[in-house]
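Here is a friendly briefing to read alongside the structure. Have the model open as you go through the points below.

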Amino acid sequence: MKGTIIYNDNKSEAIRLYKELLEFFKIKKIEIVPIEKILDADFAVVIGGDGTLLRASKKLIKNPRIDIFAVNAGSLGFLTEIKAEEFQPTFNNYLKGLVKIESRQLLEILIKNEKIDVLNEVVISKEKASSKILNIEMSTENTKICSYKADGIIIATPTGSTAYSLSAGGPIVMPQIEAIVVTPLAPHNLATRPIIISGKERLILTLNQEQKGSIIVDGENEREIETDEKIEIYYSHKKINLILPEGRDYYGILRDKLKWGDNLC
């Protein structure tokens, strides 16, 4: 068995845990290979926050069979669910075949003949220096859905529904549901609300009225988009396989991370 480790080298806790795991795997006689040899790995350990996993996912999806241990060395961590102290017992259960594995599907975006993988969300927004709202036309292959007049729009996966989309007023969607979450940013018309669309649809978005905007995928790779430039978003065949810690309950994660039921005032 072989594994690889990706960690956030800006976090002291992630660095400490990385060194600790090197010793752990040495004792286990498990070879750790560099990320460049991802196709040789059976599992990956990602140490950091959700941002670390988002960045790592672009490399990890090259190996569709790899199992991922997402270890939280950050703060909130909806994706990095395994606590540092839980890793070793979780890994031992993994070796015995006693863990649950949850697959998270990705979206794919097609723009200028380039395909980009999306784990969390695509954000289309107005230029930073502009005070003008965008006019974004959204349709499926056969049907117009809406013309959004807003500062921008978020297209999120169920995985990404607890990220930027949630802070913008979007709904939480259970990870196993195949759906696309569309959340407008500061819409001009207050009747324009978030909507959940079937994951079987292929969304097509364009900017109208000689406008320019920007597009950001999973918090990175910002690029400019032009008037009438077509952006297509649809479900990908790619996915990541996350190892679940023992006793993991999604509603419990929400209660813990979002402080549901706590007296916050």
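Let's start inside the protein: threonine 90 is buried, because its relative accessible area is 6% (buried means under 20% relative accessible area, exposed over 50% and partly exposed in between, with a 1.4 Å probe and protein chains only). This is a predicted model, in which local features need pLDDT of at least 70 and side-chain atom pairs count only at pLDDT 80 or more, while totals for chains, interfaces and linings use all residues. Residues are numbered from 1 along each chain as its sequence is written, and side-chain values use heavy atoms, with hydrogens and water left out.

**Around threonine 90**
- Threonine 90 sits in helix H3, which covers residues 87-95 (helices are DSSP runs of H or I with at least four residues, strands are E runs of at least two, and both are numbered from the N terminus).
- Leaving aside residues up to four places away in sequence, threonine 90 touches Phe69, Ile82, Val99, Ile243, Leu244 and Pro245 (contact means heavy atoms within 4.5 Å).

**The whole chain**
- The protein chain has 5 helices and 17 strands.
- Its radius of gyration is 20 Å, close to the 18 Å that the globule rule gives for 265 residues, so the protein chain is as compact as a globular protein of that length (the radius is taken over C-alpha atoms, and the rule is 2.2 Å times the number of residues to the power 0.38).
- Along its principal axes, the C-alpha trace of the protein chain spans about 65 × 50 × 35 Å.
- Of the 265 residues in the protein chain, 51% are buried.
- Among contacts between residues at least 6 apart in sequence, 68% join residues at least 24 apart.

**Surface and charge**
- The protein chain has an accessible surface of about 13,500 Å², and carbon and sulfur atoms account for 48% of that surface (areas come from the Shrake-Rupley method with a 1.4 Å probe).
- There are 36 positive and 37 negative side chains in the protein chain, and the centres of the two sets lie 2 Å apart (Lys and Arg count as positive, Asp and Glu as negative, with His and the chain ends not counted; each charge is placed at NZ of Lys, CZ of Arg, CG of Asp or CD of Glu).

**Two loop residues with positive phi**
- Most residues other than glycine have a negative phi.
- Asparagine 113 has a positive phi of about 65°, lies in the loop between strand S6 (101-111) and strand S7 (114-118), and counts as exposed at 79% relative accessibility.
- Aspartate 218 has a positive phi of about 50°, lies in the loop between strand S15 (213-217) and strand S16 (220-225), and is buried with a relative accessible area of 6%.
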